[in-house]
Amino acid sequence: MGAGLLAQKHELRLYEALRGDWKFSIGDREEWKAYDFNDSHWDEIYVPGSWEQQGFSGYDGYAWYRKEFTLPANASQQDLWLDLGYIDDVDECYLNGKYIGRTGTFPPHHKTAHKAHRLYHLNHEDLIYGGKNVIAVRVYDSYNEGGILSGKIGIWENTHPLVPDYSMSGKWKFTTGDRQQYKDTNHDDSDWTSITVPSAWEDQGFEYYDGIAWYRKTIEVPNHLANESLVLLLGKIDDVDEVFVNGEMIGNTGLVDPFNFIYPNAYKNLRGYYIPKEILKKSKTISIAVRVYDSRLTGGIYEGPIGLIKQDKYIQYWNKQREEHY
């Protein structure tokens, strides 16, 4: 099964606005990301807006924001996203103490991402339904204005969700360059860079890189999916890709070849690749390798959903999309 024939609808509507006062502190401590950290003694700062305009004039360096919100118990079927707008320069975001995304590169290899729109998926398994949730955002600013500067800050709901049965958003191994052994199950990727998927590689320390790069991730197929026909969701990729599971190619969109580049609109299409049952019967551990070619501008696995989904659920989603489209 190749990539979806239609681009996935990604229509968001505001679920809960988070504009207003957030807890704020300059400095940098790892415990500030924790769900149960006591931030009652912190300052309050209005989001969005620069911290220089709110009592921290001339400050450059690290700072943290924290914000609480509550979800009703019946919200578990909704596909929710956190929109943090535009942040100067670099950020790292946590939900209930769990890492959910980063944009830009922190020192010592600092690279700004002040022009990047922050939109982070909130995984179902990380949310607390019927209770308090906590967002913690670590920010680094090198000079001039810093902080969560602008945007429609809030929790947003996807009105046409395609929700994986097992999410694989988060940290993946990544390297630029191209070697065929990168697809092999036992290839040692311990010295590769860890980057966030989904998110463009330009926003994670690989600014201006065009060419071939590889992603890798190894997982245990969860028990509740062990006997199912499964599709690997890889969201949207710029530009084209080849996908391997346990060393075997399971699909591609376009040709990953800078001298024979086809399918120029591939970056718009949602990737969903059927995993042959023969592969899953051999081992519950699967090693996923994704070879990507980007010709210019944004590159990589830049938008979700990312994970495993039951094949029948995936087919139902596309049947509904086609009915609405036609």
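Welcome to the tour: the protein has a mean pLDDT of 90, with 94% of its residues at 70 or more; pLDDT is the predictor's confidence in each residue, from 0 to 100. This is a predicted model, in which local features need pLDDT of at least 70 and side-chain atom pairs count only at pLDDT 80 or more, while totals for chains, interfaces and linings use all residues. Residues are numbered from 1 along each chain as its sequence is written, and side-chain values use heavy atoms, leaving out hydrogens and water.

Start by selecting residues 1–9, where pLDDT stays under 50. Where pLDDT is low, the predicted coordinates should not be read in detail.

Next, go to N96, in the loop between β6 (90–95) and β7; strands are DSSP runs of E, at least two residues, numbered from the N terminus. N96 is not a glycine, yet its phi is positive, near 55°. Is N96 buried or exposed? At 12% relative accessibility, N96 counts as buried (under 20% relative accessible area is buried, over 50% exposed, partly exposed in between, with a 1.4 Å probe and protein chains only).

Now select P107 and P108: the peptide bond from P107 to P108 is cis, with omega near 15°. P108 sits in the loop between β7 (98–103) and β8 (117–122).

Move on to V197 and P198, which are joined by a cis peptide bond with omega about 5°. Look for P198 in the loop between β14 (193–197) and β15 (211–220).

Finish at L297, in the loop between β20 (285–294) and β21 (300–310). L297 has a positive phi near 55°, and with 61% relative accessibility it counts as exposed.

Note on methods
Contact = heavy atoms within 4.5 Å. Helix = DSSP H or I, 4+ residues; strand = E, 2+ residues; numbered from the N terminus.
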